Amino acid sequence: MKLKTIILAAISILAISSCKKEEAPAYLEVNKNNISGYWELSTWNGEAIKEGSYFQMNLVRNDETFTIIQNLDAFPESPRQITGRYGLAPDPALGTIISGIYDHDSGYWSHDYIISELTPTSMTWTAVDDPLFVQIFTRIDTWKL
């Protein structure tokens, strides 16, 4: 009887230990090198971008500039190109914050954003002043217009 109990316990331990645990994704460090490149807005506040609409940006590492091509606030057939500069700043409580200024008269971005969940293919931006304002970007090879 004792032998059966020991065997059952050993089998149970093996079964439990052999179960694959889902590991949390390995996130990249948020820095200019890792965010550099072309990105497309895929989700805005939990909603997919409407078909025919787009917001794409290129973040340039060397000179901390950005170019955005989007048609969210323009006629779909005539997209706007927006340029400017961005900066990254570490925040001990929040993580890495990105902020930017446009080259035209609009000045600073309407929000500073916490960049999180950075992988080689996606990243999440959450507005510092409005945690419900969340954007998810997906990496793309080049402009997809």
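This is a predicted model: local features need pLDDT of at least 70, side-chain atom pairs count only at pLDDT 80 or more; totals for chains, interfaces and linings use all residues.
1. E64 sits in the loop between β3 (55-60) and β4 (65-70), whereas K32 belongs to helix α2 (residues 32-35), so the pair ties together parts that are 32 residues apart in sequence.

2. On accessibility, E64 is partly exposed, at a relative accessible area of 25%. K32 is also partly exposed, with 31% relative accessibility.

3. A salt bridge also links E40 and K144, where the closest N and O atoms are 3.2 Å apart. Because E40 is part of strand β1 (residues 37-44) and K144 falls in the segment after β9 (130-140), this pair ties together parts that are 104 residues apart in sequence.

4. E40 has a relative accessibility of 18% and therefore counts as buried, the cut-off being under 20%.

5. T126 lies in strand β8 (residues 122-127). Its relative accessible area is 15%, so T126 is buried.

6. Which residues does T126 touch, leaving aside those up to four places away in sequence? The contacts of T126 are D112, Y113 and I114, together with P131, F133 and V134.

Technical notes. Residues are numbered from 1 along each chain as its sequence is written. Side-chain values use heavy atoms; hydrogens and water are left out. Helices (H or I, at least four residues) and strands (E, at least two) are DSSP runs, numbered from the N terminus. Buried means under 20% relative accessible area, exposed over 50%, partly exposed in between (1.4 Å probe, protein chains only). Contact means heavy atoms within 4.5 Å. A salt bridge is a side-chain nitrogen of Lys or Arg within 4 Å of a carboxyl oxygen of Asp or Glu.
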